[in-house]
Amino acid sequence: MTGEVLDTVVATETPEGIVLELRPAGLSVRFYAFLLDLVFRLVALNILAVPLSLMGGMGVGVLFIFAFLLEWLYPVAFELTRDGATPGKRVFKLKVVMDNGLPITPAASMARNLLRTADFMPFFYGFGIVSMLLRRDAKRLGDIAAGTLVVHEQPAAQRVPMTDVPPLAPAMPLPPRDQAAVIALAARASTLTSERLDELAALAASVSGDQGHRGPQVTRRVLGVAQWLLGHRA
Amino acid sequence: MTPLRFEQLHQHEWDELTSLLAAMRGRKQQTGLLSAEGTSAERVTTLYRKICEHLALARERAYPTYLITRLETLTAEAHQTIYYQRVFGLGALRRMIMEDFPRAARRDLRYVALAAAVFAIPTIVLGVLVYHSPELILSMMSPERAADFDQMYSPTARAVGRVRTADTDWIMFGFYIRNNIGVAFQCFAGGLFAGVGSLLALAYNGADGGAVAGYLTQRGMASTFYSFVATHAAFELTAIVFAGAAGIKIGHALLAPGRRSRTAALMAATDESAIIIYGVIVMLLIAAAIEAFWSSAGWLPPAVKYSVAAVCWTSVIGYLVIQGHRAR
């Protein structure tokens with residue numbers, strides 16, 4: 001199926017025998033998250049600099065230490081919290097997990113962030129960007145070595161709206177995949193123009209026994225079948 | 001069973017797990033998460049297994065996407081929460097320092113030896129070369145930097161090591177942490193380029209240090225220079241060598257993965273190196289503190305500094321050789 005070839009979903013199996021689907025985050029959204037983190041770090045450093053610069057030599061020394069911590073350990077500290085993401089990543093609903101979907105381990109977080117130096121070569125994340133563009137799971141070098149993935153958090157579920165369409169028993173027995181397709185059409189109905197909805201419903205018209213017909217009436221009957229399949233009864 | 005009926009039957013369990021997970025996430029700062037409320041933890045795992053089953057059923061019966069997505073989100077979240085582990089704390093730190101790090105250092109002895117050689121040979125070669133023809137220092141660094149070294153280690157300076165102006169010990173402490181740990185991280189990360197980056201970084205830093213040492217010895221500043229570097233070198237040079245060794249280990253895994261795939265070998269080597277990097281960071285923190293507050297004290301007679309340096313070197317090597325042999 002071409003859909004499977006095009007998709008970048010990474011499937012991992014848990015000990016409970018459930019396949020979890022991870023959706024790796026691509027270059028652009030990670031770049032925005034990186035920029036945002038950069039801003040956060042600069043702001044933090046500048047805020048700290050004000051009182052510390054009044055403290056003379058010791059303040060400057062402490063400022064150097066904070067600069068070091070922000071440079072290297074800022075991502076590690078945040079990745080090891082329950083959110084598994086730096087504030088910048090959190091804004092874009094990204095998180096860092098292990099390849100198998102488990103929360104990131106301290107060793108892996110350390111490794112992926114220290115190996116950033118290699119990704120940065122030869123200039124401004126050159127190797128990291130090439131690696132992310134070439135790989136389907138968009139890993140940079142540090143991610144490959146540490147065995148980590150940056151993934152999108154699961155999107156919120158889209159419910160099938162309750163419409164005023166009366167439920168209608170399907171005209172023929174439907175295998176599960178077809179049932180799911182009809183219900184998915186109903187779930188998307190509100191996001192489609194009525195013309196496009198009619199076109200799509202025409203393709204599924206056989207479920208309500210309207211093969212070869214099209215139009216708003218057929219669409220209503222197909223959506224009615226979807227309501228029936230969901231479990232609504234007249 | 002229709003999707004709606006399925007949802008009605010199990011809805012309360014999904015809601016219960018959602019709220020339990022939310023409660024757990026809210027208390028993320030507390031340790032002993034699962035032990036604090038044993039009953040609710042048990043409930044979470046029970047519910048989690050149940051909902052895994054629901055998800056499998058829902059997928060098998062091709063229930064609507066919103067239902068499957070909801071169950072997927074819930075299982076993914078529960079999975080993350082249940083398998084989240086806290087491994088911080090003083091106990092873990094103590095074990096890392098007392099056992100894991102020296103053990104890892106001995107396990108990777110061949111990489112450490114190689115890194116030490118790649119670091120030491122350029123140091124010695126450049127040291128001897130520059131000692132015999134000091135003008136060679138100019139092919140290693142700019143005249144300004146060479147002149148800086150002249151000034152820093154001149155025997156008349158009050159504080160040695162860097163040109164000091166005011167209460168600069170703290171400034172230098174921060175500076176050394178940032179600078180030296182950064183160098184160590186480069187030695188490690190260079191390993192990803194088949195180890196070549198690590199070898200180059202080690203050799204370059206060795207050559208640079210050797211050239212400075214040869215130059216200053218020839219200029220008659222041996223006493224100030226060696227008494228300055230001897231103590232913190234015990235921690236700093238060993239740490240740099242270890243960071244390089246970890247990088248070479250990664251590079252070796254890439255070049256000769258053995259019976260594993262290249263990626264799998266790389267991941268295993270990286271995972272094993274992490275413990276070395278923890279040790280490197282601790283050693284460099286110690287080195288920075290010594291370098292800023294002890295090595296630079298110009299009023300201490302060199303004899304005292306050399307004695308302390310000897311103690312430091314002996315304890316570092318002794319620590320690496322002896323610690324962590326006992327079975328757990």
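In this predicted model, the C-alpha centres of domain 1 and domain 2 of chain A sit 44 Å apart. The domain assignment puts domain 1 of chain A at residues 7-152 and domain 2 of chain A at 176-230. Chain B is split as well, into domain 1 (3-82) and domain 2 (92-322), and the C-alpha centres of those two are separated by 51 Å.

**The sheet in chain A**

Chain A has an open sheet of four strands, ordered S1-S2-S4-S3 and paired antiparallel. S1 and S3 (94-98) of chain A stand at the edges with a single partner strand each, so one side of each has no neighbour in the sheet. On average, neighbouring strands of this sheet are turned by 50 degrees against each other, ignoring direction.

| Strand pair | Sense | Bridges | Residues facing each other |
|---|---|---|---|
| S1(A), residues 10-13, and S2(A), residues 19-24 | antiparallel | four | A:Thr12 and A:Leu20 |
| S3(A), residues 94-98, and S4(A), residues 148-152 | antiparallel | five | A:Leu94 and A:His152 |

**Where the chains touch**

Now for the interface: 53 residues of chain B are in contact with 50 residues of chain A. On the chain B side, five helices each supply at least two residues: H1 (3-26), H3 (38-60), H4 (65-82), H9 (169-189) and H12 (262-295). Which of them gives the most? That's H9(B), with 12 residues. Sorted by class, the side of chain B that touches chain A comes out at 29 nonpolar, 14 polar and 10 charged residues.

**H9 and its packing within chain B**

H9(B) also packs against another helix of chain B, H10 (residues 196-218). The angle for this pair is about 145 degrees, and the axes lie 6 Å apart. From H9(B), the residues involved are B:Val183, B:Gln186, B:Cys187 and B:Ala189. Across from them in H10(B) are B:Gly197, B:Ser198, B:Ala201, B:Leu202 and B:Asn205. How many of the residues in this contact are charged? There are no charged ones; the contact divides into five nonpolar and four polar residues.

Definitions and conventions. Residues numbered from 1 in each chain as written. Chains lettered and ligands numbered in written order. Predicted model: local features only at pLDDT ≥ 70, side-chain atom pairs only at ≥ 80, totals over all residues. Domains from an automatic or database assignment. Contact = placed C-beta atoms within 7 Å. Nonpolar A, V, L, I, M, F, W, Y, C, P; charged D, E, K, R; others polar. Pairing = 2+ DSSP bridges. Axes fitted to C-alpha atoms, helices over the stretch in contact; angles between N-to-C directions.
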